[in-house]
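Please look at the structure below. Some questions and answers about it follow.

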Amino acid sequence: MRLSSLADYAVVILTAAARHPAGDRLSATVLAGETGVPLPTTQKLMGRLAASGLLTSARGTGGGFLLARAPAAISLGEIVEAVEGPIAMTTCVDENRHDCALEGACSVRPHWSAVNEAIRGALGGVSLATLAGTTPVATKITRTTEAAPIAAGATA
């Protein structure tokens, strides 16, 4: 599975926006300059992100775009779905579609929903704040072995 360039660019653009102080109104020109994403693409994506509720926009003097919520409250999954549409690994997770030749005898179809939910959960568990580096990434420390005590008189 690979994200489209547009989904990748949307993540890059919103990550740049998240690094600005809260309440800063940003233009597509500013974000395109900071990220290297071409201006027409940035404009298109900012329109999509605003339509999906991830950005708010204000017109006129002092206008621009700003994040609709705090970066910690926006997930990677929301960004991907704003650009790509609902996360679906296969068409058979859509109960309204019946265009698969294997549908009647497929033993895997009932399990694709679990796969989709796992992917949606993984993407939903990564916040924009984490991607922007404004929230520390939680690290899991695993102890694999206990240190052996050094015998008296032994050298390390």
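**Surface and salt bridges**

Met 89 counts as partly exposed, because its relative accessibility is 32% (buried is under 20% relative accessible area, exposed over 50%, partly exposed in between, with a 1.4 Å probe and protein chains only). This is a predicted model, in which local features need pLDDT of at least 70 and side-chain atom pairs count only at pLDDT 80 or more, while totals for chains, interfaces and linings use all residues. Residues are numbered from 1 along each chain as its sequence is written, and side-chain values use heavy atoms, with hydrogens and water left out.

Q: Where is the place of Met 89?
A: Helices here are DSSP runs (H or I, at least four residues), numbered from the N terminus. Met 89 lies in the loop between α4 (76-84) and α5 (109-124).

Q: How many salt bridges does a search of the whole structure find?
A: A salt bridge is a side-chain nitrogen of Lys or Arg within 4 Å of a carboxyl oxygen of Asp or Glu. One of them joins Arg 69 and Glu 78 (2.5 Å, N to O). The search of the whole structure gives 3 salt bridges.

Q: Which residues are linked with Arg 120 in a network of salt bridges?
A: Glu 81 meets Arg 120 in a salt bridge (3.4 Å, N to O). This pair links distant parts of the chain, Glu 81 in helix α4 and Arg 120 in helix α5, 39 residues apart. Glu 117 also forms a salt bridge with Arg 120, with the closest N and O atoms 2.6 Å apart. The residues in the network with Arg 120 are Glu 81 and Glu 117.

Terms used. Helices (H or I, at least four residues) and strands (E, at least two) are DSSP runs, numbered from the N terminus.
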